[in-house]
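Please look through the sequence and the model below before reading on.

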Amino acid sequence: MITLKVPEHIGIIMDGNGRWAQNQGKPRTFGHTAGLEAAKRIAKAASDMGVKYLSLYTFSTENWKRSETEVTFLMGLLKYHLRNEYRFYQENGIRVVHSGSLQQLPSAVQKELTDVQAITAGFTGLTVNLAINYGGRDEIIRAIRKIRGSGPGEITEELLSANMDHPEIPDPDLIIRTAGEMRLSNFLLWESAYSEFYFSSKYWPEWDKDDLVAAIESYQGRTRKYGAITE
């Protein structure tokens, strides 16, 4: 049971969809479909627990290196679910935003991302930040280009933060990675400077509310010092 303050912002690297499917003798695409269902479960659980922001690493700038068949399937899956989950967003008051570059994404996916953000803009519950065609290094470069485009001047931490994809979203308190991997993989590089980390050996499609509770309870046992010394 969660009795202490929950993280305001949780980021999740949803890893292991393909391996989970292959372990069952099924194609990787089966795992991606199951992974989206897991994302819905965790979004609902996070909303119920009072988490304010949930960033989901959905498709990275490096994922374009995968096979054309897998990428095409993933783009179709994103398009379908973005359009068909409106009722889920409405029932749970979920606002959807997007991090990453729209460029390179298929026009149909771009449209669905634009539409879902507009439709859910007034919802006041959990904000789900979908990191699609997202890379932490790419976000930093795009932020610097925005600053340079606005004229000369000193680049400060505050100015760079203000030009990230969503400066209104606080830095993640907790970053979770599934499937036994222990690295950031270019996820929220700037924003995660003082995040706590939680690594799970379970594949992402296996995740449910109990796993999220365990991650939050682990987080609640940490002392966040931000470089200071605490007694």
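The model is predicted, so local features need pLDDT of at least 70 and side-chain atom pairs count only at pLDDT 80 or more, while totals for chains, interfaces and linings use all residues. Residues are numbered from 1 along each chain as its sequence is written, and side-chain values use heavy atoms, with hydrogens and water left out.

**Pockets**

Rolling a probe the size of a water molecule over the atoms shows where empty space is left. Here a pocket is an open set of points on a 1 Å grid over the protein atoms alone, where a 1.4 Å probe fits and protein lies on both sides within 12 Å along at least five of seven lines; lining residues have an atom within 4 Å of a point. A volume is the space filled by probe spheres set on the points, which are joined across faces, edges and corners.

The largest pocket holds about 580 Å³ of space. Its lining consists of 27 residues, and M14, D15, T58, N63 and R66 lie nearest the centre. At least two lining residues come from each of α1 (17–23), α2 (28–49), β2 (53–60) and α3 (68–84); α2 gives the most, with 5 residues. Helices (H or I, at least four residues) and strands (E, at least two) are DSSP runs, numbered from the N terminus. By class, this lining has 10 nonpolar, 9 polar and 8 charged residues. Ala, Val, Leu, Ile, Met, Phe, Trp, Tyr, Cys and Pro count as nonpolar, Asp, Glu, Lys and Arg as charged, and the others, Gly among them, as polar.

The second largest pocket has a volume of about 340 Å³. It is lined by 17 residues, and S161, D171, W190, E191 and A193 are the closest to its centre. Its lining has 8 nonpolar, 4 polar and 5 charged residues.

**Salt bridges**

The whole structure contains 14 salt bridges, each a side-chain nitrogen of Lys or Arg within 4 Å of a carboxyl oxygen of Asp or Glu. The table lists three of them.

| Pair | Closest N and O atoms |
|---|---|
| E181 and R19 | 3.3 Å |
| R142 and D165 | 2.7 Å |
| D211 and K202 | 3.0 Å |

E181 sits in the loop between β5 (174–177) and β6 (196–199), and its partner R19 is in helix α1, 162 residues apart. R142 lies in helix α6 (residues 136–149) and D165 in the loop between α7 (157–162) and β5, so this pair ties together parts 23 residues apart in sequence. Both R142 and D165 are buried, where buried means under 20% relative accessible area, exposed over 50%, and partly exposed in between (1.4 Å probe, protein chains only). D211 is also buried, at 12%, whereas K202 is partly exposed, at 29%. Salt bridges that share partners join D15, R19, R177, E181 and R183 into one network.

**Strand β3**

In strand β3 (residues 95–99), 5 of the 5 residues are buried, so the strand is largely enclosed by the rest of the structure. In a regular strand the side chains alternate between the two faces of the sheet. In β3, R95, V97 and S99 point one way, and V96 and H98 the other way. β3 pairs with strand β4 (residues 127–134) in the parallel sense over 5 bridges; pairing requires at least two bridges found by DSSP. V96 stands opposite V128 in β4.
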